[in-house]
Every structure is written in C-alpha cells, then in structure tokens.
Amino acid sequence: MKKFYFFIAALFAVTQLSAQTPDTVTVIDAPRQVIITETPTGTMVKVKGKKDNDEYNYTYQMEHAANDSIHTSQDVDWDLNFPFKKNKKKDYHWTMETKGLYFGGGLKTSWNLVNNSFNWGILNIASVNYHTLHGQHFSLGVGYDNKRFSLKRPYCFVKYERPDVVDVSLYNDVSIYDRSSVLSVRAIQFPLLFQQDFGKEFHLVLGASMNWNVYAKCNTHFKTVNKTNYDISYRDIKQNKITFDVIGALSFDGLAIYCRYTPGNMFKKGFGPEIKNTWMLGGAIAF
Amino acid sequence: MKRITIIFTVMALATLPVLAQSGLNINSLFDGRYKTNPYAAEYIVTGPAAWEIDLEVYHSLKVTQKEQQDLIESLVNKDGATAIDKEVQLRNGKLYYGFYTLSKTKKGRNRYIFFLNQNLAKKSPKNMVTLIYMEGKATPTQIKKLIRK
C-alpha cells in the first residue's frame, strides 16, 4: 500500500515537472501489486488492482534524460564489509624467515687473561617457524656466528713444542707497538628458539644454539722498534668442534638486545687455555 | 553481544574523529557513551590505515539495543534531511539502509553517513544497527565498494 502512495507521489512529481497543468491520470483504490522495473534507458511502473480487470491496471514508462541523476536501490540485503581487514596479512602456521643480525661484546668469561671479546653473526640465515597463531613461535634454523677473544696486552697466543697446542706467553722484547693477540672462532649455528609475543611489536625470545665451530685462528700482531709489522697466525688449532649457547633476547619493532651464554670451552681440553662460561651482550636488528 | 571496542589511533589527537562530526546530530552518539556499553562496538580509524582508502576518518558504531537503535535511526534521519545526496531504502516503514552524502568540510573533504538496520534484512536478519561516519576524498562509489561485501 505504501509503495502505491510513493508511486502516486512520484508520478505526481514527474507530472509537475513535465507539464504545467497536472492532471489525474488514473486512480486505483486498492492496488494489489506495484512493480517498478529499471532498465538502462528508463523506468517502468506497473500498478495492478483487481485480477482480470484491465481498468484497475496501469502501466507507466518513463525514459531517462541524458543528464538525469538516477538513484536505484535493488531490494536486496546489504552485507557490510570492514574495509580495513583487507590490509591485514594472513597468518600462517609454518613460515620461512631470515632474521637477527647481531653485534655484541663480552661481559664476562672464565679466563681472566681475556681483555675483551666481540661477537657478531646472523642468528637465522634461514629458519623454519611454527606459529601457534596465539603469540607463540618455535623455530629451527641455521645461522652464522663469530666470536673473538683478545688477550690483555702483555700476553699473546703462542705455540711451543706441540704444533697443535696453543699457549700464552708474554710478548718478546722487540714487540713494543700495536700489540694484539686474538682468538677467532667462526661457527655455523643451529638455533632452536621459542618466541613469545607481547602485543604486536614486543617479543621475548629464548632458546639454545648448537655451534659447529668450523674455523678457529689465533692471530698475534705487533710492531718492533724499527716499525716492522709482524702478523703471526696459527690456524691448525684444536677448537671444540661443537659448543652450545643459551640465547635470550628482547625485541621491539625489529630491534633487540640479546644475551648469549657459552658454557663450553673454546679449546679442546689440553689444547689451549680454558675460555668458557662466556657471556655476551649486544644489540640486533631485523630481529 | 560481547562488547568489542577497537580503537586504532595512529594520529596523536584522539579527539580528532569526534570533532570531525561536529555540527551533525549523530555527533552526540560519538561522545564516548558506548565505550562501556556491552551492547555496542565502536571503531575509530584515522591516520595511515584510513589514508590508504582515501579517508581521513572512519567512525562506526554497531548497536544491538533496541532503544539505542531507534535513537540512531532518528538522528540519522535528521542529518539525512540536510544531505546533498541520499540513497535510502525503507522496509516496513523503517529505514533499512541510508547512504547520505553531506556537504563538504571547510577543507573540502567529502562527508558520508551510512546507516544499516540488519533487523530488517530479508535473508538472515540479525539484531544489529550500524552507523558509519566517513570523511575524506573518497567518492561515493569508492565508499560503497569499501563497505559492501
């Protein structure tokens, strides 16, 4: 019924616009059905009154003008979309990733002849991650780690009788400038990590890493009185091939501070000084 | 309905979205009254997330309380009366949906009000009235594409 009144009102309005002298076209007292059909060129309105009585039926066709502004609304339900969900990344349980370029320095080690130590590497060059989708991540990856231990000034790494045993000695008398003696250990590491998310950007990472110490070198450098440079390296040394680190990190928006603890000795027992219980602290990016 | 209030505030001024509706009758709905209402959910999106879809402000309100739904409809009707363009659909004598284009802001941004009463849906009605106020350079066509599934 209301549709009919709308129609009559619309019809009246159209008639007002198209002719200066409006007139009643037809009156249908109790319309049974009103059908409005939209086409690209116009609008057709059918009003049906009584069944099988043409006098109670009326059809009106209105063509759209070229510059008409037409608002049509199909009588279908709306289903709302929240437009900002489109930008949300889909989360997956399993992912591959690269992360954790880190640089750090030594806090403490068991051997008191170590002056300072330096640590850098990539925690995960590649890793497989499992995300619970509830804020927990587990990952197993492969990365690179480099540790350097430099001795206090009066001391340097040397080799004596046995070519594979590293010992420590005082510098000789002629070496008086630019003294440095460093143990460098490079490893392929296999970190197993657990990450707990706190919000979107803040994460706590805990885990352990198995280090395959593929390369180790002792290097001693000094200058003599007559400014001659000496650079002595010992590569054939017996480092522990496998060591383990305990790793902890706090990250925020890709930046992190981390701590690594290496309980094991860098050298095999009997092949060098005991450098163990090493603590490293540093910063990381892309974490 | 469990209360869900999610506020994305990228811009520092949390009051900005409120100010954006000033001068409208629906402004009174966005005064924070629904933040503690368990039958309402309010979403405010401004900043980069909104800019990506050519909006400055996206402010929506979903309400399941009958009396609040009637209030929203009456205020929308008042603002709709001053709209420069509107598309509405009535069902059972009540406003089912309304899409109103309001006059531009002083900065030349388009303003829109969208209203949907899903109680009046034919296929799967649910007790929900949604009001969305949007402001930005997005065109009506863009807006419809964004908010309609």
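Predicted model: local features only at pLDDT ≥ 70, side-chain atom pairs only at ≥ 80, totals over all residues.

Which residue in strand 6 of chain A does A:Val128 stand opposite? The residue opposite A:Val128 is A:Leu140.

**Paired strands in chain A**

- Strand 5 (residues 114-131) of chain A pairs with strand 6 (residues 136-151) of chain A in the antiparallel sense, and 14 bridges join the two.
- These two strands form a hairpin with four residues between them. In the turn, A:Leu133 has a positive phi of about 70 degrees.
- Strand 6 of chain A also runs antiparallel to strand 9 (residues 177-198) of chain A, to which it is joined by 13 bridges.
- Within strand 9 of chain A, A:Leu193 is the residue that stands opposite A:Ser139.

**A:Glu97 and its surroundings**

- A:Glu97 belongs to strand 4 (residues 94-108) of chain A.
- Leaving aside residues up to four places away in sequence, A:Glu97 touches A:Asn124, A:Ser127 and A:Asn129.
- A:Glu97 and A:Ser127 are 30 residues apart along the chain, yet their C-alpha atoms are separated by 5.4 Å.
- Because 14 other C-beta atoms lie within 10 Å of A:Glu97, this residue counts as partly exposed.

**Positive phi values in loops**

- A:Asn277 is a residue other than glycine with a positive phi, near 50 degrees.
- The loop that holds A:Asn277 lies between strand 13 (255-262) and strand 14 (278-285) of chain A.
- With 14 other C-beta atoms within 10 Å, A:Asn277 is partly exposed.
- In chain B, B:Asp54 has a positive phi of about 65 degrees although it is not a glycine.
- B:Asp54 is placed in the loop between helix 2 (48-51) and strand 3 (55-63) of chain B.
- B:Asp54 has 16 other C-beta atoms within 10 Å and is therefore partly exposed.

**Overall organisation of chain B**

- Chain B contains four helices and seven strands.
- Along the sequence, these elements of chain B follow the pattern β-α-β-α-β-α-β-β-β-β-α.
- Chain B has 149 residues, of which 36% count as buried.
- Among the contacts in chain B with a separation of 6 or more, 57% are between residues 24 or more positions apart.

**Helix 3 of chain B**

- Helix 3 (residues 66-80) of chain B has 15 residues, which at 1.5 Å a residue should span 21 Å; the end C-alpha atoms are 21 Å apart, so the two values agree.
- The buried residues in this helix are B:Gln69, B:Ile72, B:Val76, B:Asp79 and B:Gly80. They cover an arc of only 95 degrees around the axis, and therefore lie on the same side of helix 3 of chain B.
- An α-helix has 3.6 residues a turn, so residues three or four places apart point the same way.
- B:Glu67, B:Ser74 and B:Lys78 are exposed on the other side of helix 3 of chain B.
- The partners against which the buried residues of helix 3 of chain B pack are strand 3, strand 4, strand 5 (94-102), strand 6 (110-117) and strand 7 (129-136) of chain B.

**Nonpolar cores**

- The largest nonpolar core has 35 residues, and those with the most contacts inside it are B:Tyr112, B:Ile113, B:Phe114, B:Phe115, B:Leu131 and B:Met134.
- Elements of chain B that each supply at least two residues of this core include strand 2 (40-46), helix 3 and helix 4. Strand 5 of chain B gives the largest share, six residues.
- B:Ile113 touches B:Ile26, B:Val76, B:Asp79, B:Tyr100, B:Leu102 and B:Tyr133, when residues up to four places away in sequence are not counted.
- A second, separate core has 15 residues, among them A:Val182, A:Ile237, A:Met266 and A:Phe267.

**Where the two chains meet**

- The contact between the chains involves 17 residues of chain B and 11 residues of chain A.
- On the side of chain B that touches chain A, strand 4 (85-91) and helix 4 (140-147) of chain B each supply at least two residues.
- The residues on that side of chain B comprise eight nonpolar, three polar and six charged.

Technical notes:
Residues numbered from 1 in each chain as written. Chains lettered and ligands numbered in written order. Contact = placed C-beta atoms within 7 Å. Nonpolar A, V, L, I, M, F, W, Y, C, P; charged D, E, K, R; others polar. Buried ≥ 20, exposed ≤ 12 C-beta atoms within 10 Å, placed from the backbone. Pairing = 2+ DSSP bridges. Expected span 1.5 Å × (residues − 1). Arc of directions from axis to C-beta. Core = buried A, V, L, I, M, F, W, Y, C linked by C-beta atoms within 7 Å.
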